[in-house]
Amino acid sequence: MVATRAWRSRREAAGTRAWGDRRELLGFATVGLLAYAVDLALFTWLRGPAALGPLTAKALSFVAGCTVAYAGNALGPYRHTHRRGLRPYAVFCAVNVAGAVVQLLCLTVSHYGLGLTSQRADTVSGAGIGMALATVLRFWGTRTLVFRVEGRVGSWTG
């Protein structure tokens, strides 16, 4: 009987932890979609009507998307971490710069290496493929380096 209660207690704790992880991932994804929309809309406008080069347009749209992402994560899924001061923002920016490097590499390879120079090709490589790869890096970095929860054992990704 005692063993059964202990097993149920562990199972319920694991279920609660799994639900918390899903809520965290859902919140991160929601904030990320909003930041992605800002990034994509601004990049498209800067590349099109504003007629900026692809790397300049991506760099500027990145700054706008990064700002939206930090505010959304700090006020949303990670509001319980109580991180204050400049350090968490600086680490967040560093994680996002690493993600931006991934995006810029995808854009650079496509535009300059493969010769795919249309606005559509730039959008697919920089804001599509590059964003998808960078998102994996950003989730890991945001969760484990910026909004770290004390007592968490290991990271969500393993």
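Author: Tyr 78 has its place in the loop between helix 2 and helix 3. This is a predicted model, in which local features need pLDDT of at least 70 and side-chain atom pairs count only at pLDDT 80 or more, while totals for chains, interfaces and linings use all residues. Residues are numbered from 1 along each chain as its sequence is written, and side-chain values use heavy atoms, with hydrogens and water left out.

Reader: How many helices and strands does the protein chain have, and what makes a stretch count as one?

Author: The protein chain has four helices and zero strands, and along the sequence the pattern reads α-α-α-α. Helices (H or I, at least four residues) and strands (E, at least two) are DSSP runs, numbered from the N terminus.

Reader: Which residues does Tyr 78 touch?

Author: Contact means heavy atoms within 4.5 Å. Leaving aside residues up to four places away in sequence, Tyr 78 touches Glu 24, Phe 28, Asn 73, Phe 139, Thr 142, Arg 143 and Phe 147. Tyr 78 and Arg 143 are 65 residues apart in sequence, with 8.6 Å from C-alpha to C-alpha.

Reader: What makes Glu 24 and Arg 143 a salt bridge?

Author: A salt bridge needs a side-chain nitrogen of Lys or Arg within 4 Å of a carboxyl oxygen of Asp or Glu. Glu 24 is buried because its relative accessible area is 8%, and Arg 143 is buried because its own value is 4%.

Reader: How many salt bridges does the structure hold?

Author: The structure holds three salt bridges. Among them is the one between the side chains of Asp 39 and Lys 58, at 2.6 Å, N to O, which links Asp 39 in helix 1 with Lys 58 in helix 2, 19 residues apart. Asp 39 counts as buried at 4% relative accessibility, and Lys 58 is buried with a relative accessible area of 2%. Another joins the side chains of Asp 122 and Arg 47 at 2.9 Å, N to O; Asp 122 lies in helix 4 and Arg 47 in helix 1, so that pair ties together parts that are 75 residues apart in sequence.

Reader: How do you know that the charged end of Lys 58 sits over the ring of Phe 43?

Author: A charge sits over a ring if NZ of Lys or CZ of Arg is within 6 Å of the ring centre and within 35 degrees of the ring normal. The charged end of Lys 58 is 5.1 Å from the centre of the Phe 43 ring and sits over that ring.

Reader: Why is the aromatic pair of Phe 28 and Phe 139 called edge-to-face?

Author: Rings of Phe, Tyr and Trp (its six-membered ring) pair if their centres lie within 6.5 Å, and planes under 30 degrees apart count as stacked, over 60 as edge-to-face and the rest as tilted. The structure holds five aromatic pairs. For Phe 28 and Phe 139 the centres are 4.8 Å apart and the planes are at 70 degrees, so the pair is edge-to-face. Phe 28 lies in helix 1 (residues 2–47) and Phe 139 in helix 4 (residues 119–146), so the pair ties together parts that are 111 residues apart in sequence.

Reader: Why is Val 101 called partly exposed?

Author: Val 101, in helix 3 (residues 86–113), has 41% relative accessibility and therefore counts as partly exposed. In the same helix 3, Val 102 is partly exposed because its relative accessible area is 24%.

Definitions and conventions
Buried < 20%, exposed > 50% of the residue type's maximum accessible area, 1.4 Å probe, protein only.
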